[in-house]
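Here is a briefing on one protein model. Read it with the sequence and the structure side by side.

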Amino acid sequence: MQRIRTRDNKSNKQPQQAQQQQVRPRRSIANYQRQKAAIISVTPEKLSDTPSPLPNYISQDEEEPQQCPYAGLMKATRRTQVHSTKTPCNITSAAIYKLMGQHLEDKYSNAYIPNKFDNSPVFSSDIALDQVAKAVVHPVTKETITKYEKLANDPVMSKTWCKAMCKELGRLAQGYKETKGTETIFFMSKEEIKQIPRDRTVTYARIVVDYRPQKDDPNRVRITAGGNLINYPGELTTRTADLTTSKILWNSTISTPGARYACADIGNMYLMTPMDRYEYMRIKADLVPEEFKQQYQLHDKIHNGFLYMEIRRGMYGLPQSGMLANKLLKKRLAQHGYFELPHTPGLFKHATRPVQFSLVVDDFGIKYIGKEHLDHLMKSLREHYEVSLDESGSLYCGITLKWNYEQGYVDISMPGYVQKQLTRYNHPPPSKPQHCPYNPSPIQYGKASQNTLPPDESPALDADGVKYLQQVIGSFLYYARATDTTIPHTLSELASEQSTATENTLKKCKQFLDYMATHPDATIRYHASEMILNVHSDASYLSAKDSKSRASGYFFMGSLPRDGQPIKLNGAISIICSILKFVASSAAEAELGALFLNAKEARIMRLTLHELGHPQPPTPIHVDNSTTVGIVNNTVKRQKSRSMEMRYFWLLE
């Protein structure tokens with residue numbers, strides 16, 4: 001875990017020494033051409049007899065000739081100033097000549113990059129169809145189409161997508177050819193339209209089209225109700241599992257001998273739930289295929305160009321659908337001994353069988369010991385629902401899992417997600433690899449360490465720029481929480497500036513997208529452990545605007561620390577990266593505030609682990625500030641700490 005550099009008085013010597021250092025002027029391009037010609041004439045066999053001194057090199061920021069064959073070597077230096085040959089940081093002239101000679105002999109075409117960086121291509125210009133998930137690509141024009149109306153009027157694709165529309169309408173209604181109906185909607189006559197209750201709002205039908213190559217029928221049309229117009233008088237809250245709960249369950253599976261993981265999905269779960277009161281929706285008659293109108297005799301039911309429908313069962317888009325479906329599912333599972341744990345939403349277990357599962361809408365992530373217990377759960381569900389089972393447990397809520405039970409680890413990732421987002425925002429490939437998602441604040445020494453960040457005086461973004469920034473943050477937030485632990489800080493910084501975004505904020509966003517293009521597929525690996533929660537807490541003092549400080553936390557499953565043994569890290573089950581609400585008056589107070597936030601999150605995770613059957617000892621929290629440790633452990637006097645935020649001292653209880 002990356003640590004914050006210690007600020008002390010000894011650091012004041014560094015800027016003074018840097019100012020006293022004499023820097024030679026950069027050499028001209030003409031001089032560079034003469035030295036290049038001399039270098040070409042040198043062969044590796046003559047290197048030992050060449051006493052020429054090392055010429056000064058061009059910095060990365062200086063313009064270079066386009067015909068230079070050593071451009072890759074020059075860029076690899078990544079220096080910002082010219083060093084004298086007398087300084088110990090330089091390489092001998094013989095070594096640099098030999099490197100250039102080998103470069104010419106081997107005919108390297110790519111720029112030299114240090115071994116610690118990956119030299120693989122960072123972006124592909126050829127976008128495969130399966131990488132543009134939830135989008136339809138025209139087979140002739142290669143245009144990405146997201147509107148059903150455009151597909152229905154296209155002479156090439158009209159037949160395919162009108163058939164898909166008929167299937168969707170038939171699935172919602174009373175069936176269409178081989179498609180079985182769910183009787184979710186009923187088309188209304190003109191007389192029935194007049195009898196719609198006055199307290200109901202007739203909402204709109206939203207049509208979504210996508211292409212799913214992994215499905216039996218890849219051309220998919222889905223109709224959802226406009227839930228923003230529905231005013232439901234009852235409770236709408238639905239308890240579902242979050243990502244942290246799922247990650248804890250994955251760690252529990254790989255750490256439990258004999259345990260296995262499977263995924264299950266309930267088909268049409270919302271569409272099978274009876275409504276406690278009916279809702280109403282309408283759709284443009286022109287969007288309904290003529291073949292479907294004839295089968296259902298809808299021409300006489302068209303009113304002002306619309307077809308009206310009565311919704312009698314749960315449907316996607318209705319705000320009460322999730323709540324009603326979830327309640328009915330719990331009632332049916334309880335008849336077979338399955339119940340939801342009291343302190344962890346969306347986490348279920350059986351009263352006697354070794355089966356535990358997390359539930360997100362209609363997706364089940366199941367941990368079990370023994371195939372017969374998995375079969376019992378499937379049999380219980382299939383009494384009321386159509387259930388598909390993936391015994392490999394390879395995909396859950398868009399996250400790919402690769403299990404290796406023999407070696408005791410599981411890898412989680414979201415392949416293709418980043419490239420899909422880069423395509424969505426038309427972000428061009430970076431000219432060079434970007435290995436940092438953001439530019440950190442410069443380190444200040446001595447008295448300057450107490451200075452706040454200067455205000456951003458660049459021009460403000462327009463409404464389109466702010467909307468673009470918000471879309472980027474929102475689209476990568478789930479990816480950051482799920483698999484990429486290197487970008488939460490960047491997203492937090494961008495989110496804190498989006499309301500007053502400037503041109504500099506947009507530059508930060510572009511750098512972030514360059515980083516995502518360079519590292520598109522992040523993977524987290526969870527190793528089998530003793531299932532003891534560990535927390536690393538840290539803070540960055542005065543590193544945010546308005547004199548605020550940042551708090552961070554790294555939560556992972558491991559073992560109790562032992563004296564004389566290193567701490568064995570594991571994949572993160574959760575990451576905290578936020579800005580402290582109150583201005584900290586010292587680095588110790590910032591560390592105490594970060595510890596306060598992390599301890600609150602750890603307390604919730606301890607309850608989840610206990611309910612899963614992993615009792616927890618006192619949770620070890622690692623802090624790198626001795627003053628904070630002394631305050632919490634009550635080993636220092638706290639008279640001068642009374643000015644710190646009062647709520648932070650909850651840690652002492």
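Two strands pair if DSSP finds at least two bridges between them. Helices (H or I, at least four residues) and strands (E, at least two) are DSSP runs, numbered from the N terminus. In strand 11, for instance, Phe357 is the bridge partner of Phe348.

This is a predicted model, in which local features need pLDDT of at least 70, side-chain atom pairs count only at pLDDT 80 or more, and totals for chains, interfaces and linings use all residues. Residues are numbered from 1 along each chain as its sequence is written, and side-chain values use heavy atoms, with hydrogens and water left out.

**Overall**

- The protein has 17 helices and 21 strands.
- Of its 653 residues, 45% count as buried. Buried means under 20% relative accessible area, exposed over 50%, partly exposed in between (1.4 Å probe, protein chains only).
- Residues 24 or more positions apart account for 73% of them.
- The protein exposes about 35700 Å², and carbon and sulfur atoms supply 50% of that area. Accessible areas come from the Shrake-Rupley method with a 1.4 Å probe; for residues, only the protein chains shown count as cover.

- Strand 11 (residues 355–360) is mostly covered: 6 of its 6 residues are buried.
- In a regular strand the side chains alternate between the two faces of the sheet.
- Val355, Phe357 and Leu359 point one way from strand 11. Gln356, Ser358 and Val360 point the other way, and all are buried.
- Strand 10 (residues 347–350) runs antiparallel to strand 11, joined by 3 bridges. The hairpin between them passes through 4 residues.
- Strand 12 (residues 363–368) is also antiparallel to strand 11, with 6 bridges. Leu359 has Phe364 as its bridge partner in strand 12.
- The hairpin of strand 11 and strand 12 has 2 residues between the strands. Val361 in that turn has a positive phi of about 60 degrees.

**The sheet 20-19-18-21**

- Four strands form an open sheet in the order 20-19-18-21, with mixed pairing.
- Strand 20 (572–579) and strand 21 stand at the edges, each with a single partner strand, so one side of each is left without a neighbour in the sheet.
- Neighbouring strands of this sheet are turned by 20 degrees against each other on average, direction ignored. Axes are lines fitted to C-alpha atoms, for helices over the stretch in contact, and angles run from 0 to 180 degrees between N-to-C directions.
- Strand 18 (residues 532–544) has 13 of its 13 residues buried.
- Strand 18 pairs with strand 19 (residues 548–558) in the antiparallel sense over 10 bridges. Their hairpin has 3 residues between the strands, and Asp546 there takes a positive phi near 60 degrees.
- Strand 18 and strand 21 (residues 621–623) run parallel, joined by 3 bridges.
- His536 stands opposite Tyr554 in strand 19 and opposite His622 in strand 21.
- Strand 19 and strand 20 pair in the antiparallel sense over 7 bridges. Here Tyr554 stands opposite Ile575 in strand 20.
- Helix 14 (residues 488–497) packs on the sheet, touching strand 19 and strand 20. Its direction makes about 30 degrees with that of strand 20.
- Helix 8 (residues 243–255) lies across strand 19 and strand 20, running at about 150 degrees to strand 20.

**Aromatic and charge contacts**

- The structure holds 14 aromatic pairs. Rings of Phe, Tyr and Trp (its six-membered ring) pair if their centres lie within 6.5 Å; planes under 30 degrees apart count as stacked, over 60 as edge-to-face and the rest as tilted.
- Phe357 and Phe364 form a tilted pair, 5.3 Å centre to centre with 50 degrees between the planes. Both are buried.
- Phe476 and Phe512 form an edge-to-face pair: 5.2 Å centre to centre, 85 degrees between the planes. This pair links distant parts of the chain, with Phe476 in helix 13 (residues 463–482) and Phe512 in helix 15 (residues 503–518), 36 residues apart.
- Why does Phe476 count as buried? Its relative accessibility is 0%. Phe512 counts as buried because its relative accessibility is 0%.
- Ring pairs link Tyr176, Phe187, Phe292 and Tyr296 into a cluster.
- A charge sits over a ring if NZ of Lys or CZ of Arg is within 6 Å of the ring centre and within 35 degrees of the ring normal.
- The charged end of Arg312 sits over the ring of Phe186, 3.9 Å from its centre. The charged end of Arg525 sits over the ring of Tyr409, 3.9 Å from its centre.

Terms used
Contact means heavy atoms within 4.5 Å.
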